[in-house]
Amino acid sequence: MGLVLTLTAQSIIHGIMKKVTFLCIGAGGRGTTYCSFALEQSERLQVVGVAEPRELFRQRLVQAHQIAPQFVFNDWREAARHPKMADAVIIATQDAMHTEPAIAFAKRGYHVLLEKPMAPTAKDCRRIIAAVKRHGVLFAVCHVMRYTTYTRKLKALVAAGTIGDVVNIQHLEPVGFWHQAHSFVRGNWRNTAESTFMLLAKSCHDLDWLRHIMGVPCQAVASFGGLKHFRKQEKPIAAGAALRCLDCAYEPQCVYSAKKIYLGRFARGDKGWPVDVVAPVVTAENLDRALRQGPYGRCVYECDNDVVDHQVVNLQFAGNRTASFTMTAFNAAGHRQTRIFGTRGMFEGDGVTIRHTDFLTDTVTAINTETNPDGSLLSGHGGGDFGLMDSFVRAVSENNPAQILSGPDETLESHLMVFSAEQARLKNRVIELKQ
Ligand SMILES: NC(=O)c1ccc[n+]([C@@H]2O[C@H](COP(=O)([O-])OP(=O)(O)OC[C@H]3O[C@@H](n4cnc5c(N)ncnc54)[C@H](O)[C@@H]3O)[C@@H](O)[C@H]2O)c1
């Protein structure tokens, strides 16, 4: 006891934070990205365990972090049955596989970092929140947009009353034509029954962000949208049009050609996302095989997709404030674009620069919040990936939930906004949110 007290006191005196250990559940794209924080900040974080059924991905993580064999598992259930081996767990399995591991590891006393969306149903989101509260563990959802330098600056400016009282926000999520084709027509998030609906899969970040910036609860939502383009009826009528891009005579004219999206990037020397999703070991032969046989070589008009390619949501917030949100596939992929209208000024933001118009002086000031654009964790999601990990590791190290910007209550609230908005779209009516 004496030693513990002495060490703790010394740590506080010298400002040394306790090193945190992590177990990674799902070593795919996101799990691997978050774990790379331990490679950059090895004095603060160590990845000591992994559960991942895909051999290649599991071994990559084992080697990168020198994980001991007794802490390497094929399935999260095996890891959950094992005596507790780490301070915290990162759950980065697919959307429909979050609830059970989140509850199981909370029960075991792990602090939980959970990928968004929490779960595909409101009921399961509530079960997760109840479990983390019951077991008294720290909990954060990977709403990385809250953690960017840009958002922190914008939130601080709004909270300081720089543009007076916020009356209305316009927010655009430009998913991007090729990103829509990759993830939401051919890929993992194309089909509601297999994963979840578009607003939850992609735009739960945005409704959460609007709630965060507004700083007051949402009271009612209305929504419209649908799947307009990526359907069989929209397939161009052309001689030689085929089921797969590599066999298709129309392909050179097709905006959504898999050949262009993947082989084009590969030819330019790009082996990163999304090319490495198509073929985890990126070679010309593997890509060719994947495009001939796998899901990513399919014609975008011939897939089993049903999620929307455009959706709008109108939101009524407390205090007579409103917001409108647009998600659309039909643009060049890029940062979200936002206009925030206040009683004394306005902000226009593009994820990097905030342009502040001051009504009193009639002047415009540009504030640059650019982060490291080097492709590392520091730059992912505009610095949000790093910001999230930095905050969560700090929270666990200090046992301080105040470090977490996307904790249980606010995340549940914004997920319920998303479920309500989707109900509003499906039922074609305004839905009021109970507080
Ligand atoms: N925060 C963000 O901005 C952001 C961005 C992209 C994706 N996501 C979310 O992150 C999650 C993961 O996405 P991804 O792109 O990394 O997917 P992915 O498919 O690359 O990774 C998921 C991994 O889970 C593994 N897995 C499957 N069954 C398992 C089991 N029983 N036990 C342990 N692992 C298992 C899979 O083999 C796979 O490697 C999804 O929920 C997704 O919506 C969040």
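Phenylalanine 71 lies in the loop that connects helix 3 (55-65) with strand 3 (72-73), where helices (H or I, at least four residues) and strands (E, at least two) are DSSP runs numbered from the N terminus. With a relative accessibility of 21%, phenylalanine 71 counts as partly exposed, because buried means under 20% relative accessible area, exposed over 50%, and partly exposed in between (1.4 Å probe, protein chains only). Leaving aside residues up to four places away in sequence, phenylalanine 71 touches Val48, Gly49, Val50, His82 and Met85, a contact being heavy atoms within 4.5 Å. Histidine 82 is 11 residues from phenylalanine 71 in sequence, and their C-alpha atoms are 8.7 Å apart in space.

This is a predicted model, in which local features need pLDDT of at least 70 and side-chain atom pairs count only at pLDDT 80 or more, while totals for chains, interfaces and linings use all residues. Residues are numbered from 1 along each chain as its sequence is written, and side-chain values use heavy atoms, with hydrogens and water left out.

**The ligand and its surroundings**

The ligand is surrounded by 25 residues, of which Arg30, Glu52, Arg54, Gln94 and Asp95 are the closest; a residue is near a molecule if one of its heavy atoms lies within 4 Å of it. This shell divides into 9 nonpolar, 8 polar and 8 charged residues, where Ala, Val, Leu, Ile, Met, Phe, Trp, Tyr, Cys and Pro count as nonpolar, Asp, Glu, Lys and Arg as charged, and the others, Gly among them, as polar.

| Residue and its atom | Ligand atom | Distance |
|---|---|---|
| Glycine 28, polar backbone atom | oxygen | 3.4 Å |
| Aspartate 75, polar side-chain atom | nitrogen | 3.2 Å |
| Histidine 98, polar side-chain atom | oxygen | 3.1 Å |

Taken alone, the ligand exposes 850 Å², and the protein buries 85% of that; accessible areas come from the Shrake-Rupley method with a 1.4 Å probe, and for residues only the protein chains shown count as cover. The elements that give two or more residues to the shell are helix 2 (29-40) and helix 4 (76-81), and helix 2 gives the most, with 3 residues.

Helix 10 (residues 204-214) is mostly covered, since 11 of its 11 residues are buried, among them Trp209, Arg211 and Met214. Glycine 215, which follows helix 10, has a positive phi near 75°. Glycine 319, by contrast, is exposed, with a relative accessible area of 57%, and sits in the loop between strand 9 (310-317) and strand 10 (321-328). The C-alpha atom of glycine 319 is separated by 9.1 Å from that of proline 217, although the two residues are 102 residues apart along the chain.

**The chain as a whole**

The secondary structure of the chain comes to 15 helices and 15 strands. A compact globule of 435 residues would have a radius of gyration near 22 Å, and the chain agrees with this at 23 Å; the radius is taken over C-alpha atoms, and the globule rule is 2.2 Å times the number of residues to the power 0.38. Buried residues make up 53% of the 435 residues, and the chain exposes about 19,500 Å², of which carbon and sulfur atoms supply 54%.

Methods. A polar contact is a pair of N or O atoms within 3.5 Å; within protein, one must be able to donate a hydrogen and the other to accept it, and residues adjacent in sequence count only if both atoms are side-chain atoms.
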